[in-house]
Amino acid sequence: MAKKIVAFVGSYRKGGINDQAVDTILGTIKGEGIETNKYYLTDIDIEFCKNCRICTKDDQNKIRGKCVINDGMEKIFQEIDSADGIILASPINIFTVTAVMKRFLERWVVYAYWPWEQHGPKLRIKEKTKKAVIITSSACPGIIGNLLMPNARQILKAMAESAGAKVVKSLYFSGVCVEEKQHLNSRQIKDARHAAGMLVG
């Protein structure tokens, strides 16, 4: 059973659909002896990746390279590395994840090994020993959203896998434009609780 779950919310609005879904998952597993931590990306000092690739040339036997930027990401990477499960949540803005989630993603290049003589990057972590749940939402109805906007899910899945996690559940919440302070409906809450079970099971 998982012992530590870390969640990252890439929304600009606290208390929104993505945030509620994360809280539902974490609330479901609360009290089971599992440590849970939730981070809002808007609250973390995340500088832009410099594309210097110094981290990607670090010892290939490390699970991640060392970034030269001194900001809030080292603490976050330590949280990810020590976690058994990861939750990544982002609204879909203009067909993809939010800008703050994209900035977060670019810093995950530390999980790649890519010396100059190598034509492309390779993931440092080969085995998927963690579990992950990814969450996206948009105004589009479910079927249309899944067909027209797969990019956001693909990005979050790639992030999870690069950190050594297998995605056990992908949640997509549609029609999140009905009211300013919308709430998860009973079916969506049930889906989130089911995802919690898959994450810690």
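**Exercise 1. The second largest pocket**

Solution. 
Step 1. The model is a predicted one.
Step 2. List the lining. It consists of Cys-49, Asn-51, Leu-105, Glu-106, Trp-108, Val-109, Ala-158, Met-159 and Ser-162.
Step 3. Turn to the elements. Helix 3 (99–106) and helix 5 (151–162) are the ones that give two or more residues to this lining. Helix 5 has the largest share, with three residues.
Step 4. Six lining residues are nonpolar, two are polar and one is charged.

**Exercise 2. Helix 3 against helix 5**

Task: Work out how helix 3 and helix 5 pack, from their angle to the residues that meet.

Solution. 
Step 1. Take the geometry. The two helices pack at an angle of about 30°, and their axes are 11 Å apart.
Step 2. Classify the angle. Angles under 35 degrees count as roughly parallel. Therefore helix 3 is roughly parallel to helix 5.
Step 3. Helix 3 passes helix 5 in a left-handed crossing.
Step 4. Find the residues. Helix 3 brings Met-101, Phe-104 and Leu-105, which meet Ile-155, Leu-156 and Met-159 of helix 5.
Step 5. The contact has six nonpolar residues, no polar and no charged.
Step 6. Link back to Exercise 1. Leu-105 and Met-159 belong to this contact, and Leu-105 and Met-159 also line the second largest pocket.

**Exercise 3. The cavity**

Task: How many cavities of 30 Å³ or more does the structure hold, and which residues are closest to the centre of the largest cavity?

Solution. 
Step 1. Count. There is one cavity of 30 Å³ or more.
Step 2. Give the volume. The largest cavity has about 90 Å³.
Step 3. Go to the centre. There are 14 lining residues, and Cys-49, Cys-52, Cys-55, Cys-67 and Val-109 are the closest to the centre.
Step 4. Sort the lining. Eight residues are nonpolar, two are polar and four are charged.

**Exercise 4. The largest pocket**

Task: Which helix gives the most to the lining of the largest pocket?

Solution. 
Step 1. Start with volume. The largest pocket has about 370 Å³.
Step 2. Locate the centre. The lining has 23 residues, of which Ser-11, Arg-13, Gly-16, Ile-17 and Pro-91 are the closest to the centre.
Step 3. Name the helix. Helix 1 (residues 17–29) gives the most, with four residues.
Step 4. Sort the lining. Six residues are nonpolar, 11 polar and six charged.

**Exercise 5. Helix 1 against helix 6**

Task: Describe the crossing of helix 1 and helix 6 and the residues that meet there.

Solution. 
Step 1. Take the geometry. The axes of helix 1 and helix 6 (residues 186–200) come within 8 Å and cross at roughly 55°.
Step 2. Classify. That angle makes helix 1 oblique to helix 6.
Step 3. The crossing is right-handed.
Step 4. Name the residues. From helix 1 come Ala-21, Thr-24, Ile-25, Thr-28 and Ile-29. They meet residues of helix 6, including Ile-189, Arg-193 and Leu-199.
Step 5. Sort them. Nine contact residues are nonpolar, two are polar and one is charged.

Conventions. Residues are numbered from 1 along each chain as its sequence is written. This is a predicted model: local features need pLDDT of at least 70, side-chain atom pairs count only at pLDDT 80 or more; totals for chains, interfaces and linings use all residues. Side-chain values use heavy atoms; hydrogens and water are left out. On a 1 Å grid over the protein atoms alone, a cavity is a set of points where a 1.4 Å probe fits but cannot get out, and a pocket is an open set with protein on both sides within 12 Å along at least five of seven lines; lining residues have an atom within 4 Å of a point. Grid points are joined across faces, edges and corners, and a volume is the space filled by probe spheres set on the points. Ala, Val, Leu, Ile, Met, Phe, Trp, Tyr, Cys and Pro count as nonpolar, Asp, Glu, Lys and Arg as charged, and the others, Gly among them, as polar. Axes are lines fitted to C-alpha atoms, for helices over the stretch in contact, and angles run from 0 to 180 degrees between N-to-C directions. Angles under 35 degrees count as roughly parallel, over 145 as roughly antiparallel, 65 to 115 as roughly perpendicular and the rest as oblique. A crossing is left-handed if the near helix is turned anticlockwise from the far one by less than a right angle, and right-handed if clockwise. Contact means heavy atoms within 4.5 Å.
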